[in-house]
Amino acid sequence: MTISTDNEPVALDMSGDPYPFFEYKRKTEPVWRGTIMDHSMAPPEMVPDEEWTLFDYDSVFAAFRNDEVFGSHGYDQTIGLVIGPTILAMHGKQHHDHRSLVAKAFRASALERWEPSVIDPICDALVDEIRDAGQADLVKAVTFEFPTRVTAALLGLPSDDLELFRRLSFDLISISVDIEAGLRASVELHDYFLEQVEQRRRTMTDDIIGDLVAAEIDGEKLTDDAIISFLRLLLPAGLETTYRSSGNLLYLLLTHPDQLRAVQQDRGLIPAAIEEALRYETPLVSVPRTTTRDVVMHGTTIPAGAQVNLCTGSANRDETRWAEPNTFDIHRPRHAHIAFAGGIHMCLGMHLARVETRAMLTSLFDRVTDLELAADDDVGIVGLTFRSPNKLPVTFRPAS
Ligand code: HEM
């Protein structure tokens, strides 16, 4: 679907390739009164009265850093209605206190422990399941599955519950497509996580739910609802983003065979490939904020109370920061991208996302060879708010 906005000469392609529109906007009107969001499925009460979009890197970066003016409290009226109040919508001391509690589990140093003991074995076992089949849809078999299994393991969920957790996670993150199923999953996840919390109150375990049960702020334990909201947040924030970004990475490597070969031969290139894929095809294309007062950007006044979409997908293609930004090139000189946002809400799980994606790629390259996209005209990266391939049919041979 394409939407022609205000008779612009370049239309916004809502599902295929939004980048020509983003480039046009960066060059002509980087602070724009208008929206890149597709609100066609949203209930009317969730559609903001006034929307703006920031397209260039400097404006998007500045807005993330200025959380006094660009507040995230709008989440209370959107995702917060489904998963409960979370750090995403908090600010000031409350945000700092809650984030500090959970940050420990996601530090790079904590992951050094989880990587060999939990993450690597999960990825190895997963690829072993398809190794001899010679063909697979990597989205179904790998990119959705590895963050689901890693998240379940880090939370300390029993392995018998994996199928239930997979179904509830899938339904919750599909809420924009099926609201009923999403709301049902939210309630079921509440009850399921409550049971897990109560078990740990009786017998403590060494996992993320155990950490949250033991945590205190100013001498007070977290309430059950605060713990459960945080756990539910991990599904859209951690699982969905990782499955989409790893699908983008695999698609980009498979469609750039020279770069795929280079990474297969030199695993030291995996981190650069992960970062370039996050820059080139940012899975979460836009992050919403609400202005707390009037603010001037590029000489244009954005009024208080407006929703402002910080278009990370456009900022990551800014030609003033990257030479030939529309080229996927894992060998390019590195400049930090903004796929993980910035400021106080900068992604808490970015180290985990990197570690688990690297583990997945390593397991795949160690176990299969001659990896190629199967002939299929309908494969590509689609979507606007979230971007990723819906399927990745591939053929391969087991590595000897
Ligand atoms: C490639 C994968 C990922 C991407 C692209 C990504 C992107 C983002 C972005 C853009 C934000 C900022 C949202 C905002 O400011 O409104 C964010 C926040 C967050 N992310 Fe991630 N994320 C990824 C993986 C993960 C993982 C694996 C986890 C944990 C399991 C995680 C947990 C969180 C949490 C808890 C926040 C909220 C932080 C706060 O409000 O202080 N993310 N992420």
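Which residue places a backbone N or O atom 3.0 Å from a nitrogen atom of the ligand? Select Ala237, whose backbone N or O atom lies at that distance, a polar contact here being a pair of N or O atoms within 3.5 Å. The model is a predicted one, in which local features need pLDDT of at least 70 and side-chain atom pairs count only at pLDDT 80 or more, whereas totals for chains, interfaces and linings use all residues. Residues are numbered from 1 along each chain as its sequence is written, and side-chain values use heavy atoms, with hydrogens and water left out.

Next, select Tyr75, where a polar side-chain atom lies 2.6 Å from an oxygen atom of the ligand, and then His95, where the corresponding distance from a polar side-chain atom to a ligand oxygen atom is 2.7 Å.

Now show the whole shell of 29 residues around the ligand, taking as near any residue with a heavy atom within 4 Å. Helix H11 (224-254) gives the most to this shell, with 7 residues. By class, the shell has 19 nonpolar, 7 polar and 3 charged residues.

Cys347 sits in the loop between helix H14 (312-315) and helix H15 (350-367), helices being DSSP runs (H or I) of at least four residues.

Finally, select H15 together with helix H5 (residues 108-130), whose axes come within 9 Å and cross at roughly 35°, the axes being lines fitted to C-alpha atoms over the stretch in contact and the angles running from 0 to 180 degrees between N-to-C directions.

Key
Helix = DSSP H or I, 4+ residues; strand = E, 2+ residues; numbered from the N terminus. Polar contact = N/O pair within 3.5 Å; in protein donor to acceptor, adjacent residues only side chain to side chain. Nonpolar A, V, L, I, M, F, W, Y, C, P; charged D, E, K, R; others polar.
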